[in-house]
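Here is a friendly briefing to read alongside the coordinates.

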Amino acid sequence: MKPHLLFLRSCSALLSAALFFSACTLPAYAEETPEPPHYLALGDSISTGYRLGGGHFETEGFTNILSDTNGYLVTNASIDGNTVSGILSQLENGSLNDAISSADIITITCGGNDMLEFLYTFFSEQLEDTQQYINGILNGILGELDLPPSSAPETEPEEEILPEEEAAAVPEDAEETPAASPSLDEAYNLLNNFISGINQSLHYIENARENASLWERLLFIAYEELIDYTLDTAASLLIDVTESDSYHKAVSEYITDLNRVISYIRSLNRDVPIILTTQYNPYHWFTSPAHEVIERFIDAGICVLNEAIVRNAPIGGYWVTDVYSAFDNSEANLCNANEAPLEMDVHPNKDGHAVIASCIQKTIEETKINSIN
């Protein structure tokens with residue numbers, strides 16, 4: 001064979017081999033698994049997945065559901081009992097800078113603790129004088145209702161001493177509900193005592209009425225009318241606070257801190273989508289008269305806060321997920337709070353977390369957040 005032909009054939013063989021190995025390696029490069037989107041969760045015990053009795057949901061929390069649904073790599077930096085100022089402190093110490101910079105999506109749940117802290121302070125201070133006045137009258141009536149043993153209905157030991165304790169509407173054996181922070185503990189106990197005291201007092205009267213004399217029945221009627229007055233007075237006072245300048249100032253301060261949180265995030269990650277949830281009413285499913293006083297009070301405060309969150313969204317540069325309406329339209333109880341047995345814990349149950357995840361997922365799909373990643 002001529003030398004030049006041999007040379008050409010050798011070159012052709014080498015070129016074919018090179019193309020073959022290149023073709024083999026290209027698919028392997030193209031099939032490398034991309035890094036999953038990074039999801040940063042900021043907020044309070046709703047984001048941590050706090051569950052009744054202590055501990056946290058391991059897989060049923062909304063952050064876990066979102067991660068599983070979208071294939072996110074989640075960093076959950078939420079803290080039980082956190083407030084918007086607490087989140088700001090977290091950010092400003094720089095410990096979350098890397099997580100913020102690499103985040104493809106951020107969710108924030110906060111406002112419930114901020115609101116409860118303010119409303120609890122008012123509840124404890126403003127109702128004190130009213131309760132003392134009413135308790136003086138109730139004590140007088142209860143003194144007249146010292147039924148002889150032969151006519152007193154049989155009750156449990158705590159029910160026998162209940163009327164005297166109920167004059168203050170604060171029974172000593174009220175069950176404490178675990179919560180994420182001291183301020184929430186105090187709020188739960190206060191609301192718990194107020195509601196359980198009223199309800200147990202009315203329950204005592206109902207049991208004692210059957211064997212009561214005419215005079216005692218008249219006193220029962222007077223007692224019930226004073227209970228109604230107590231509830232009406234409480235409702236009026238509590239609703240007034242949600243319309244007060246002081247509460248609106250507190251909400252304004254919340255929005256100011258929220259914007260500082262958003263600004264800090266934007267300084268490290270200008271385009272990351274940020275989703276903020278509205279607050280839900282954990283007592284939406286309460287129906288008894290005493291329960292409804294608290295339900296309307298909390299609902300009024302929540303609505304003022306949510307309106308501010310929505311109104312500020314274009315300025316703050318975040319998306320709002322309407323969790324409030326989803327809970328409000330649900331026939332099933334989505335929270336730990338319950339009338340019987342009385343439970344004032346405000347956290348969402350497993351079904352509640354599923355609804356929150358569904359609401360945020362809807363926002364993700366409607367705003368095409370995944371297409372940004």
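**Ser 330 and its surroundings**

Apart from neighbours within four places in sequence, Ser 330 has contacts with His 284 and Trp 285, where contact means heavy atoms within 4.5 Å. This is a predicted model, in which local features need pLDDT of at least 70, side-chain atom pairs count only at pLDDT 80 or more, and totals for chains, interfaces and linings use all residues. Residues are numbered from 1 along each chain as its sequence is written, and side-chain values use heavy atoms, with hydrogens and water left out.

- Ser 330 sits in the loop between helix H13 (323-328) and helix H14 (350-366); helices (H or I, at least four residues) and strands (E, at least two) are DSSP runs, numbered from the N terminus.
- With a relative accessible area of 17%, Ser 330 is buried (buried is under 20%, exposed over 50%, partly exposed in between, with a 1.4 Å probe and protein chains only).
- A polar atom of the Ser 330 side chain lies 2.8 Å from the backbone oxygen of Ala 332.

**The chain as a whole**

- The chain contains 14 helices and 5 strands.
- Of its 373 residues, 47% count as buried.
- Among contacts in the chain with a separation of 6 or more, 78% come from residues 24 or more positions apart.

**Glu 35**

- Glu 35 belongs to the loop between helix H1 (3-30) and strand E1 (38-43).
- Its relative accessible area is 60%, so Glu 35 is exposed.
- The Glu 35 side chain makes a polar contact with the side chain of His 38 (2.7 Å); such a contact is a pair of N or O atoms within 3.5 Å, and within protein one must be able to donate a hydrogen and the other to accept it, while residues adjacent in sequence count only if both atoms are side-chain atoms.
- Glu 35 and Gly 71 are 36 residues apart in sequence, and their C-alpha atoms are 10.0 Å apart in space.

**Helices H4 and H11**

- Helix H4 (residues 84-92) packs with helix H11 (residues 245-268) at an angle of about 25 degrees, and their axes are 9 Å apart.
- H4 and H11 are therefore roughly parallel to each other (angles under 35 degrees count as roughly parallel).
- Residues of H4 including Ile 87, Leu 88 and Leu 91 meet residues of H11, among them Leu 258, Val 261 and Ile 265.
- By class, this contact of H4 with H11 has 9 nonpolar, 1 polar and 3 charged residues (Ala, Val, Leu, Ile, Met, Phe, Trp, Tyr, Cys and Pro count as nonpolar, Asp, Glu, Lys and Arg as charged, and the others, Gly among them, as polar).

Note on methods: Axes are lines fitted to C-alpha atoms, for helices over the stretch in contact, and angles run from 0 to 180 degrees between N-to-C directions. Angles under 35 degrees count as roughly parallel, over 145 as roughly antiparallel, 65 to 115 as roughly perpendicular and the rest as oblique.
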